[in-house]
Amino acid sequence: MEKNLAKTYSPKDFEDRIYQSWEENKAFHAEVDENKKPFTIVMPPPNITGQLHMGHALDQTLQDVLTRWKRMQGYSALWLPGTDHASIATEVKVVEKIRAEEGKSKEDLGREEFLKRAWAWKEEFGGRINKQIRKLGSSCDWDRERFTMDEGCNKAVVEHFIRLYNKGLIYKGNRIINWCPVCGTSLSDAEVEHEDKPGKYWYFRYPAADGGEGIVVATSRPETMFGDVAIAVHPSDERYKDMVGTNVILPLVGREIPIIADQYPDPEKGTGAVKITPSHDPNDFEVGQRHNLEQLCCINPDATMTDMAGKYAGMDRYECRKAWVKDLEEAGYLVQIEEKVIPSGECYRCHNVIEPMISDQWFVAMEELAKPAIEVAKNGELTHVPDRFEKIYLHWLEEIRDWCTSRQLWWGHRIPAYYCDKCGEMVVAAEMPEVCPKCGDTHFHQDEDVLDTWFSSALWPFSTLGWPEKTKDL
Amino acid sequence: MVFSGLEEMGESPFKYVYVHGLVRDAEGRKMSKSLGNGIDPLEIIDQYGADALRFMLLSGITAGNDMRFKMDKLESARNFANKLWNASRFTIMNLQDEEGNFRAMADGSEGAEKLALKDEDKWILSTINDAVAEITANLDKFELSLAAQKIYDLIWNEFCDWYIELVKARLYGTDEEDKKVARYVLVKALKDMLKLLHPFMPFITEEIWSYLPQEGNTEAFLMKESWPVYTEALKFEEEEAKLKTAMDAIRSIRNIRAEADAAPSRKLTAVILASGKEAGFMKDTQHFLKNIANVQEITFIDSKDQVPDEVMSAVMNNVEIYVPLDDLLDYKAELERLKKEKTRLEGEVKRTAGKLNNAGFVAKAPEAVVNAEREKLAKYEDMLAKIIERIPVVEAKVK
Ligand SMILES: [Zn+2]
Ligand SMILES: [Zn+2]
């Protein structure tokens, strides 16, 4: 060995060699040591579809500085690495690959064959990001590397799901969710990206059923009018006081709908009167629940119009919008058009406009779960750095809606719910049940949906340490 | 995650949530594929090394805020690594004999403070000791970029720019026992700083570490070493103040040189008027002025009356430093310059006078032009007179 450093600093000449030597000597490996205090960072798992970008580099560096420092301070420092199966992102990639290479859709292959391809894809490309992470010098314990869909994590997910279900904190129901018509799946609120875009508000007159003037209502999505079931005004709005309880006519459609009073409309916005379409808007859905209104669905999951749209049935949502506005204008119902910046929700994968939709999905009841999470932040068990983020955290939890956790995808943790082939009885269990508790039949089929990625990443900090087994690592 | 943890484990899975912002490009835009302004970390590692990238990313952040990716910050992180590399190489070279074996070092295993430390040894050990406390406190508060800045300053300013300079003369000196102490302190200082820097720049620190003399287990990784701990025994307040005074004095003399445009190789003399405890500090550390600031002779005076004529001066806290102009100015070069100037001015005078003696020019040229020439002549004659007066004075200094 040379007895002094090379003449010039050339990191390329030694960085990889040093990392290799650390790894070969298991310098990053951490075991539970009774004499040392534990310090654990569970790496927020990067997606297997990922390529290392600057954001990761910063993230990794921060975690590594803390881990190395604590290790030197004498802690039993464990930095646990892993990757996330990234349900929707991976499925999109694998679907693309199969289409490009074989000209087939995932339905052509069937679920089982598709999953085989997905695992093969994971084997080939899934490790790439962890090779890149090594280049940065991250001192994580690769002996403990995990994957959000490995056996242990899968066990944890099923266990957690069943426990929540038994406590009534997971339920299945028809509720309004975010729907991506292109990806063909539901999305959680966190998976919708909000952006303000230039758009239009169309003002239409809904004539009164008794032949009077009626009421003017603004909308940025006229194609949803076929699902209108009421017009709402604020109870304190003097302009409309006398009209509450009367009916107006849905233009051109001819259906009569009531004018109702509700706290939701803002008298300062638009005309102060809003159309209520419970099937296609989350706020309207709530209004509908309060007033026991009907739910009329006028847009299909593939973003074409349903039979509710009459002669526009089968048209794409935006084609329908054009034709419908034109017809309303010609019939004299269009009062004005206002150019405006409109908040638009987009799918975080494909960036198409999401469509709020009522759908039969699985939900996590958040209110109960959020309570202790709010508590730990307030009593100091959980500290945010910097502390101003505590406000954001609390606001998020206090406003949180029930979380739609089922996805119409194949790559992911399949929902552990089984339906009796004969009577349809549903059983939530770790394994497929043998006998139907209701009719005694022995044939079941499993729920087709998978859980969203966040369901397993939420368990990551302890599923990686062995939960639900009681391990010493926990 | 927090709520799942509470539900299943009955406790929060984390104690801290560290929120960091986005890495933006130099103009503050979000890095994205569609903008094409993304910078590939792997390419940066290939060109600058992972350590420089890590250090650059850390030095720019505060928790919760976005940071901008700037190439100049990356360059400066690499320059820092480079500086550390060269200083370490120099240190190792000076610790080894011709065969590359480490020369004998003092044994500080009973505590460095027990050795016959010189002022500068106490100063660097105390400075590092202070930094240990501060950097640890910063890390405890997740102030990673403050910690990074402090270790940067410590290595670059205190160690590379000062301590190595201060200790050099002793390494080449004749006092064998003192050489052993100097070597020991150099190694201890470098090792402690490598430990402090390791979490930020793991590769370069591990590489340098592997070349340093090790006690016991020579295979041990730096990453498995213990984090330095502040110790009261290495707090040397007096020596910190003393060396600060010495460094201020050296800086003052460097400034005077720069102002007088005197080369660092010119030997100077200095006259020092100091009071309070600084008087003692200056006397104790005068050898640094000689070794580092190239001051040949130092005279301590007691009152302003003893200040020589024609000096440049610097004033510090309780210390005034005077450097005679005679030392600063290069009279030989000055004489040379004066003689050249004299020849040039004589030529100008002759040319201008010749023009004005030409009756045709005076009669035909506009009055303004003629007057301008007359003014020029007067100016040249004046300058020439001053030079002629100055030459014998400078000639006397040269002799
Ligand atoms: Zn989509
Ligand atoms: Zn049954």
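User: By class, how many nonpolar, polar and charged residues does the lining of the second largest pocket have?

Analyst: In this predicted model, the lining of the second largest pocket is made up of 18 nonpolar, 14 polar and 17 charged residues. That pocket has a volume of about 1,500 Å³, and 49 residues line it, with Y201(A), S220(A), R221(A), D281(A) and P343(A) lying nearest its centre.

User: Turning to the metals, which residues coordinate the zinc ion (ligand 1), and why is the arrangement tetrahedral?

Analyst: Four donors count as tetrahedral if all angles lie between 85 and 135 degrees. Around the zinc ion (ligand 1) the SG atoms of C180(A), C183(A), C347(A) and C350(A) are the donors, at 2.2 to 2.4 Å, and because these four donor atoms subtend angles of 100 to 113 degrees, the arrangement is tetrahedral.

User: How are the donor residues of the zinc ion (ligand 1) spaced in sequence?

Analyst: Their spacing is C-x2-C-x163-C-x2-C. Since C180(A) belongs to strand β5 (residues 170–180) and C347(A) to strand β13, both of chain A, this pair ties together parts that are 167 residues apart in sequence.

User: Are C180(A) and C347(A) buried or exposed?

Analyst: Buried means under 20% relative accessible area. C180(A) has 0% relative accessibility and therefore counts as buried, and C347(A), with a relative accessible area of 0%, is buried as well.

User: What are the protein donors of the zinc ion (ligand 2), and what spacing do they follow along the chain?

Analyst: The donors here are the SG atoms of C420(A), C423(A), C436(A) and C439(A), which lie 2.2 to 2.4 Å from the zinc ion (ligand 2). The angles among the four donor atoms are 104 to 115 degrees, and the site is tetrahedral. Along the chain the donors follow C-x2-C-x12-C-x2-C. C423(A) sits in the loop between β18 (417–420) and β19 (426–428) of chain A, and C439(A) in the loop between β19 and β20 (444–446), so this pair ties together parts that are 16 residues apart in sequence. As for accessibility, C423(A) is partly exposed at 33%, and C439(A) is partly exposed at 34%.

User: Finally, what is the phi of N294(B) and of N318(B)?

Analyst: Most residues other than glycine have a negative phi. N294(B), however, has a positive phi near 55 degrees, and N318(B) has a positive phi near 65 degrees.

User: Where do N294(B) and N318(B) lie?

Analyst: N294(B) is found in the loop between α11 (286–292) and β5 (295–301) of chain B, where its 15% relative accessibility makes it count as buried. N318(B) lies in the loop between β6 (311–316) and β7 (319–324) of chain B, and at 34% relative accessibility N318(B) counts as partly exposed.

Conventions: Residues numbered from 1 in each chain as written. Chains lettered and ligands numbered in written order. Predicted model: local features only at pLDDT ≥ 70, side-chain atom pairs only at ≥ 80, totals over all residues. Heavy atoms only, no water. Donors = N, O, S within 2.8 Å, 3.2 Å for Na, K, Ca; no water. Tetrahedral: all angles 85-135°; square planar, octahedral: opposite > 155°, others 65-115°. Helix = DSSP H or I, 4+ residues; strand = E, 2+ residues; numbered from the N terminus. Buried < 20%, exposed > 50% of the residue type's maximum accessible area, 1.4 Å probe, protein only. 1 Å grid on protein atoms, 1.4 Å probe; cavity = no way out; pocket = protein on both sides within 12 Å on 5 of 7 lines; lining within 4 Å. Points joined across faces, edges and corners; volume = space filled by probe spheres on them. Nonpolar A, V, L, I, M, F, W, Y, C, P; charged D, E, K, R; others polar.
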